[in-house]
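These are my notebook entries on a structure that was new to me. I set down what I looked up, in the order in which I looked.

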Amino acid sequence: VIRCRAAVAWAAGKPLSIEEVEVAPPKAGEVRVKIVATGICRTDEHVYEGSFPNVDFPVIPGHEGAGIVESIGEGVTYVKPGDKVIPLCLPFCGECSFCLNPEANYCLKSHLASPQNLMPDKTSRFTCKGKQINHFMWISTFAEYTVIPECAVAKIDAAAPLDKVCLLGCGFSTGYGAAINTAKVKPGSTCAIFGLGGVGLSAVVGCKVAGASRIIAVDINKDKFAKAKELGATDCISPRDFKKPIQEVITEMTAHGVDYSFEVIGTADTMIAALASCNANTGVCVMVGVVNSGTMIPIDPMLLLTGRTWKGTLLGGWKMRDAAPKLVSSYLEKKFNLDLLITHTLPITKVNEGFDLLRAGKSIRTILLF
């Protein structure tokens, strides 16, 4: 058993508490990882609020991390102690119908299909003050040591800087992949991105890499416009500057609407606006943002009847067991720059300060270090 620090959410809506937790050794098919760095993602805020499905308190959140394998359980062959890894918030069991489908990246063992508050054997590896602590998505990267099923880690290049590539665990991969994989943005096309947080700005990068000729960045926080333009946005607009709905503004800017739109906020209103912003016949709208559990979205069927495509994406459509090492290589080869998305770096003891920065719109990505 290892005793280490972790940020524990004891109840919804209460600040995370830095505690000493006990982390049990890995069982068969499991890996214990020393987390070196982890990002604060909006999804962790949903956990904090209690609006993320299938979460039981107390829980150790965090799902965007990178670390080093400390020990392995019986039967583990994919990694060995000392390997650098990225924990996967979307596992790859390699056995279900989706994992076996080359066009799919959703695993039926994921948190959307079944709760991952406990390990596959329905027990926890975390205890604190004599109480069982639940896992989050099987990975719980807000703990200095965490135990993860072998199917939920990706081995990466030993040269990778963990305080940067941790973003590949969720934020960057999701936004970048939404453009590259899900929308399949074409050269010369027009795009609109709603929401300029870490994921939205990663979608901007994806659209630029794909060769889009016009990238319209949409956010009510104008402080993010400079970063959006640095990453490739050609236009930056705020809905608060117009009396008409923003979808009408975008349609007028582009004659018939953009070829591709991306909703990276997670509200019903912005999802409808993003759908209406892409052109009526061949436009593709990708839902990236996570809405509160139970949210329903009313839409006019005519928005789809004319030919628009409305689709969602999980982790940018990547099969992350295979994709994470390749994305790390692309970063090391300077095909994209993750560093530009990191605005703050804090010790794990200041995790609540990191969430305050997120809520205030002052950070793109805050990295927590152990």
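Before turning to the domains, I note that their bounds come from an automatic or database domain assignment. The model is predicted, so to speak of local features I need pLDDT of at least 70, and side-chain atom pairs count only at pLDDT 80 or more, while totals for chains, interfaces and linings use all residues. Residues are numbered from 1 along each chain as its sequence is written, and side-chain values use heavy atoms, with hydrogens and water left out.

**Entry 1: domains.** I found domain 1 (2–169 + 338–369) and domain 2 (174–314) in the assignment. Their C-alpha centres lie 28 Å apart. To their contact (heavy atoms within 4.5 Å), domain 1 brings 16 residues and domain 2 brings 15 residues.

**Entry 2: the parallel sheet.** Helices (H or I, at least four residues) and strands (E, at least two) are DSSP runs, numbered from the N terminus; two strands pair if DSSP finds at least two bridges between them. I traced an open sheet of six strands with parallel pairing, in the order β12-β11-β10-β13-β14-β15. At its edges are β12 (235–237) and β15 (309–312), each pairing on one side only. From one strand to the next the twist averages 15° (axes are lines fitted to C-alpha atoms, for helices over the stretch in contact, and angles run from 0 to 180 degrees between N-to-C directions). Helix α7 (residues 268–277) packs on this sheet and touches β10 (190–194), β13 (260–263), β14 (284–287) and β15. The direction of α7 makes about 175° with that of β13.

**Entry 3: the antiparallel sheet.** I then followed an open sheet of four strands, β1-β2-β6-β7, whose pairing is antiparallel. Its edge strands are β1 (2–8) and β7 (131–133). Here the twist averages 45° from one strand to the next. Two bridges join β2 (residues 17–23) to β6 (residues 126–128).

**Entry 4: the second largest pocket.** A pocket is an open set of points on a 1 Å grid over the protein atoms alone, where a 1.4 Å probe fits, with protein on both sides within 12 Å along at least five of seven lines; lining residues have an atom within 4 Å of a point. Which residues lie nearest the centre of the second largest pocket? I noted Glu103, Asn181, Gly317, Trp318 and Lys319, out of 18 lining residues. Helix α9 gives the most to this lining, with four residues. Both domain 1 and domain 2 supply at least three residues of the lining.
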